[in-house]
Amino acid sequence: MKTRVAMLFGGKSVEHEVSVISGIQAVMNMDTDKYEVIPVYMTKRNEMYIGEEIGKIESYKNIDELLKKSQRVIMTNEDGKVFLTPFPVKMFGGKKAVEIDVAFPVVHGTNVEDGAFQGYLKTMGIPFVGCDVTASAIGMDKYIMKAVLKECDVPVLDAQLYTLADYAEMETLLDKVEKGLGYPVIVKPVNLGSSVGISVAKNRVELTHSVDDAFKYATKVLVEHAITNLREINCSVLGDENDAIASECEEPLHTKDILSYEDKYVSNAKGSGSKGMASVSRKIPAELSSEKREEVRELAVRSFKALGCNGVSRIDFMIDEDNGKLYFNEINTIPGSLAFYLWEPVGVPYKELLDRMIQLSLKRARTEERLTFTFDTNILNSASFGGSKGGKL
């Protein structure tokens, strides 16, 4: 029998639309001889829908009409099996629940890529593709990620972290940035991707605007010195914390100081259908010396393993052209278009990439099944609270 895969996309995130493109793109490239794919659209309220039109990109021109023609479902676990169950449940004449074997989240951004959704899937007891809860959370939090990688001797730029309490004292915040980092600086929401809320500031006025904008999207903001003579190089990694390989390297091209959301998804999307990140202007392979290419690829694998990743991630690096130094910038634990365009040049077609990702998830599930998660004890038999006030354990 075919393995039944629930391909989940959308969700409560500012990267909702990008996720829809990536998810449907993956649906279209699955090996249907091996897998039965069930597209599952998650609304911006994280409500799940299935139906004949859910896997068609044209249907998303009018989402309200799409939902009217589709069936809302919830995940349920019965006797160790996970189902997509019609909701609300009807006693008579309702549609049957659909059993699923694997969940494949193709989601981007906070609430869905940051460990929250992965935790839900883990609690439901369904094997799921990609990073686990911890790796997803660390990969989304740029500040914690830097701290972990520093411990593993991965080169990262120093950064300053600011909270809403700091934001309330804006002048003090600006003074600290100017004294500790100087200009130019790059300002980022600590836990967003797709370049949302990210900008470069070259003076105090621009810094004020950048901080204001970043705090629209997150409660914590990261500020780091911006490399003036910057070259961006990306590389994808496939595997798990024990064994992983690197893809080809790319150099994204953009119109401003940084690759913007518009560069990634809007300016190159006209006439490109549902290509997503694959439509971005880029050089593949990046024009690097063989030594620098291998340095990037080796550091990508080392970073991926250090963060405990699984499946496919894309790691973005920075090269300071003034001194040739290579720095880890950030990781995308569920990259746009699943970075398939970086794997085709090294002989891994998209269909095979998706298959490997699913097999990695099943491998992890088998490993976890061998672990002990319960401990037999008679503590409840002997427990006594000694009255209404209770007692200490």
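View 1. Ser19 touches Phe9, Gly10, Val106, Val107 and His108, leaving aside residues up to four places away in sequence; a contact here means heavy atoms within 4.5 Å. This is a predicted model, where local features need pLDDT of at least 70, side-chain atom pairs count only at pLDDT 80 or more, and totals for chains, interfaces and linings use all residues. Residues are numbered from 1 along each chain as its sequence is written, and side-chain values use heavy atoms, with hydrogens and water left out. Ser19 sits in helix 1 (residues 16-28). Helices (H or I, at least four residues) and strands (E, at least two) are DSSP runs, numbered from the N terminus. With 0% relative accessibility, Ser19 counts as buried. Buried means under 20% relative accessible area, exposed means over 50%, and partly exposed is in between (1.4 Å probe, protein chains only).

**View 2. Strand 1 beside strand 2.** Strand 1 has six of its eight residues buried, so it is largely enclosed by the rest of the structure. Eight bridges tie strand 1 to strand 2, and the two run parallel; strands count as paired if DSSP finds at least two bridges between them. For a spot to look at, take Ala6, whose bridge partner in strand 2 is Ile38.

**View 3. The Phe9 and Tyr41 rings.** By the ring rule, the count comes to eight aromatic pairs. Rings of Phe, Tyr and Trp (its six-membered ring) pair if their centres lie within 6.5 Å; planes under 30 degrees apart count as stacked, over 60 as edge-to-face and the rest as tilted. Phe9 and Tyr41 have ring centres 6.4 Å apart and planes at 45°, so this pair is tilted. The pair links distant parts of the chain, with Phe9 in strand 1 (residues 3-10) and Tyr41 in strand 2 (residues 35-42), 32 residues apart. Both Phe9 and Tyr41 are buried.

View 4. Phe117 and Tyr120 both belong to helix 3 (residues 116-124), three residues apart, or about one turn of the helix. Phe117 is buried at 7% relative accessibility, while Tyr120 is partly exposed at 30% relative accessible area.

**View 5. Arginines over rings.** The charged end of Arg282 sits over the ring of Tyr341, 4.2 Å from its centre. Likewise, the charged end of Arg364 sits over the ring of Phe128, at 4.7 Å from its centre. The rule for a charge over a ring: NZ of Lys or CZ of Arg is within 6 Å of the ring centre and within 35 degrees of the ring normal.

View 6. Helix 11 (residues 350-369) has 20 residues, which at 1.5 Å a residue should span 28 Å; its end C-alpha atoms are 29 Å apart, which agrees. That expected span is 1.5 Å times one less than the number of residues. The buried residues of helix 11 include Tyr350, Leu353, Met357, Leu360 and Arg364. Its buried residues pack against strand 1, helix 1, strand 2, strand 7 (102-105), strand 12 (230-239) and strand 15.

**View 7. Asn310 in its loop.** Asn310 is found in the loop between helix 10 (290-306) and strand 15 (311-320). Asn310 is buried, with a relative accessible area of 6%. Leaving aside residues up to four places away in sequence, Asn310 has several contacts, among them Gly130, Cys131, Asp240, Leu360 and Arg364. Asp243 is 67 residues away from Asn310 along the chain, and their C-alpha atoms are separated by 9.6 Å.

View 8. Four strands make an open sheet in the order 8-11-9-10, with antiparallel pairing. Strand 8 (159-163) and strand 10 (199-201) stand at the edges, each with a single partner strand, so one side of each is left without a neighbour in the sheet. Neighbouring strands of this sheet are turned by 25° against each other on average, direction ignored. Three bridges join strand 9 (residues 185-189) to strand 10, and Val185 stands opposite Ala201 in strand 10.

Technical notes. Axes are lines fitted to C-alpha atoms, for helices over the stretch in contact, and angles run from 0 to 180 degrees between N-to-C directions.
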